Amino acid sequence: KQWYQRRVRAIEPCVKSHTLGMRMQKKILGKMASRSVARHFIDDDAGKILDALYNFLKDSLTEQEAKKIIKYIIKIIIKIGILYSNDKLSPSERLQLKQMIRKFSKMIMTLVTFWEVAFSYDEVHFKTQLEDVETILITIVSPHLTQKSERRIRFVFDQIGGNHLLTALFKGTSTDTTRYHLDILAPILRDYVFGKEANNNTNYT
């Protein structure tokens, strides 16, 4: 018993230190979340998407709303990355993460199809896909992150899918400038998904 207690006392500071270190990473990186800093944690292709999405949202909503959405997206990506790299996700949560990535890729390609094929936009179908991705994402992070992080996730999804932004785009009631940004964003999203799928044929991560 004494030996066991000594081992626990010896290990406990390491466990606490590791947990504290991860919390500090999430807090520090969360405060650093900006499009320029994000490039240290997000690959170049994903960075191009963030830049194009920001320009698109800035002309579709307001500059302040666009900045807020991008900032929240970056914070979410960073925190999930920390959870993943520190092995804080259970095997079932890792499977859920892969499922979410597949559903997200499918959702993106649905959006690209709407862009490629005139009059193909289906708001109900797309929102169903959006809600599926949101539900899985919140299920994954809720045991690990704060309610504030959950609210950020819900805010991002609500802004993208809940204010008729896409309906205005694909029904032709948006501005020419907004449509111009969509014409830039959609091919970037398509190429990103195709690139990931090509890599996943040999190694899905």
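Which salt bridge do the side chains of R190 and D191 meet in, and what is its N to O distance? I looked this up in what is a predicted model, and found that R190 and D191 meet through their side chains in a salt bridge at 3.6 Å, N to O. I noted that R190 is partly exposed at 22% relative accessibility, and that D191 is partly exposed as well, with 47%. I then saw that E116 joins R190 and D191 in a network of salt bridges.

Next I went through other charged pairs, the count of salt bridges being seven. I found E134 paired with R154, their closest N and O atoms lying 3.9 Å apart; because E134 lies in helix 6 and R154 in helix 7, the pair ties together parts that are 20 residues apart in sequence. I recorded E134 as buried, at 12% relative accessibility, whereas R154 is partly exposed at 39%. I also found a salt bridge between the side chains of D87 and R94, at 2.8 Å from N to O, where D87 is exposed at 59% and R94 is partly exposed at 23%.

I turned to the largest nonpolar core, which has 52 residues, and in which F56, L137 and F170 have the most contacts. I noted that helix 4 gives the most to this core, with 11 residues. I followed L137 and found that, leaving out residues up to four places away in sequence, it touches I76, I80, M100, I153 and F157.

Last, I looked for cavities of 30 Å³ or more and counted two. I found about 50 Å³ of space in the largest cavity, whose lining includes Y121, F126 and H164.

Definitions and conventions. Residues numbered from 1 in each chain as written. Predicted model: local features only at pLDDT ≥ 70, side-chain atom pairs only at ≥ 80, totals over all residues. Heavy atoms only, no water. Core = buried A, V, L, I, M, F, W, Y, C linked by side-chain atoms within 4.5 Å. Buried < 20%, exposed > 50% of the residue type's maximum accessible area, 1.4 Å probe, protein only. Helix = DSSP H or I, 4+ residues; strand = E, 2+ residues; numbered from the N terminus. Contact = heavy atoms within 4.5 Å. 1 Å grid on protein atoms, 1.4 Å probe; cavity = no way out; pocket = protein on both sides within 12 Å on 5 of 7 lines; lining within 4 Å. Points joined across faces, edges and corners; volume = space filled by probe spheres on them. Salt bridge = Lys/Arg side-chain N within 4 Å of Asp/Glu carboxyl O.
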